[in-house]
Amino acid sequence: MLFRSSIHITDNTGVNLSTVRLYVQGFVVFYSAVPVPGGYNISYNHPINFTQGEIVRCRLYGEDAYGNILDYSWEFLIDTGARYFSIDLQAGWNLISIPFDTYNQSIQGVLSTIDGKYDMVRAYSATGPSNPWLVYSPDWATGLNDNFQITREIGVWVRATESCTLQISGIPSNSTNIPLYAGWNLVGYTIFDEKRSLATALWGTGADSAAGFDQANPYLITELGAGYIMKTGEGYWVHVPADTVWILQ
């Protein structure tokens with residue numbers, strides 16, 4: 001088994017690949033470079049001789065055609081108790097959720113295994129009625145993007161540019177409290193239990209309507225009946241008449 005890091009280095013004037021250096025724990029390592037628009041995807045397979053709880057620090061250095069410098073660092077936590085989960089995405093929009101906490105909850109972190117294969121992510125905040133939609137695109141300038149994290153409590157729309165598989169690793173939780181606000185909420189399904197009907201899973205919340213992803217529908221959603229079996233990795237619209245908390249155990 002290998003731990004793999006992957007990151008893009010791009011510039012409008014082009015990246016001078018001969019200047020690119022990848023450091024892991026302070027040491028220069030050999031990496032793979034795959035061309036992407038404006039630069040390269042740099043990836044490295046880490047050996048498995050990391051210890052439980054160890055923080056691994058990485059650094060990427062490179063220059064563009066004019067000698068301008070990028071010097072970027074990041075880190076991740078080794079947790080051998082982590083679980084792994086895959087979600088198959090179709091080209092176009094997909095409504096998904098992640099079933100556990102990831103070390104890096106940024107959009108780029110959660111979607112790192114499909115880097116370059118999606119062009120937009122949308123989330124919905126029921127607490128922002130004047131502008132509830134949050135939008136991120138890797139093709140937009142930083143100032144145009146909304147800054148939000150992908151946590152296990154929320155559902156997110158991901159527009160894939162091709163069919164691909166999102167692979168996620170993280171730490172599952174025995175219980176999740178998801179705030180539901182009066183009106184519609186876009187939520188995740190955070191447990192590894194695919195035997196619960198919609199009515200059973202939402203019991204006690206007062207939910208009076210729910211909808212899920214439907215590729216064939218022009219609006220991409222369809223109303224779900226009380227007997228629908230909820231599935232790990234799916235996102236759902238849930239409507240409640242009053243503020244409450246959905247407890248998933």
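A disulfide is a pair of cysteine sulfur atoms within 2.5 Å. Keep that in mind for the opening question about this predicted model.

Q: How many disulfides does the structure hold?
A: A disulfide is a covalent bond between the sulfur atoms of two cysteines. To count here, a pair of those sulfur atoms has to lie within 2.5 Å. Go through this predicted model with that cut-off and the number of disulfides you end up with is zero.

Q: Does C58 count as buried or exposed, and why?
A: Buried means under 20% relative accessible area, while exposed means over 50%. C58 comes out at 3% relative accessibility, so C58 counts as buried.

Q: And what about C164, buried or exposed?
A: Use the cut-off again: under 20% relative accessible area is buried. C164 has 8% relative accessibility, so this cysteine counts as buried.

Q: What share of the contacts with a separation of 6 or more joins residues 24 or more positions apart?
A: Take the contacts in the protein whose partners have a separation of 6 or more. Then pick out those between residues 24 or more positions apart, and their share is 73%.

Q: Which strands are the edge strands of the open sheet of four strands?
A: The order in this sheet is 9-12-10-11, and the pairing is antiparallel. An edge strand here pairs on one side only.

Q: In strand 11, which residue is the bridge partner of V121?
A: Strands of a sheet pair through backbone hydrogen bonds, either parallel or antiparallel. Strand 10 (residues 118-124) and strand 11 run antiparallel, with four bridges joining them. In strand 11, the partner of V121 is Y136.

Q: Where does G155 lie, and is G155 buried or exposed?
A: G155 lies in the loop between strand 11 (133-136) and strand 12 (156-160). Its relative accessibility is 1%, and the cut-off for buried is under 20%.

Q: How far apart in space are G155 and Y189?
A: Leaving aside neighbours within four places in sequence, G155 is in contact with residues including L186, V187 and G188. Along the sequence, G155 and Y189 are 34 residues apart. In space, C-alpha to C-alpha, their separation is 8.2 Å.

Q: What is the phi of Q25, and where is the place of Q25?
A: Q25 sits in the loop between strand 2 (15-24) and strand 3 (27-29). With a relative accessible area of 30%, Q25 is partly exposed. Its phi is positive even though the residue is not a glycine, with a value near 55 degrees.

Q: Why does L220 count as partly exposed?
A: L220 is found in the loop between strand 16 (209-213) and strand 17 (221-223). L220 isn't a glycine, yet it has a positive phi of about 70 degrees. Partly exposed covers the range between the buried cut-off of under 20% and the exposed cut-off of over 50%. L220 falls in that range because its relative accessibility is 21%.

Note on methods. Residues are numbered from 1 along each chain as its sequence is written. This is a predicted model: local features need pLDDT of at least 70, side-chain atom pairs count only at pLDDT 80 or more; totals for chains, interfaces and linings use all residues. Side-chain values use heavy atoms; hydrogens and water are left out. Buried means under 20% relative accessible area, exposed over 50%, partly exposed in between (1.4 Å probe, protein chains only). Helices (H or I, at least four residues) and strands (E, at least two) are DSSP runs, numbered from the N terminus. Contact means heavy atoms within 4.5 Å. Two strands pair if DSSP finds at least two bridges between them.
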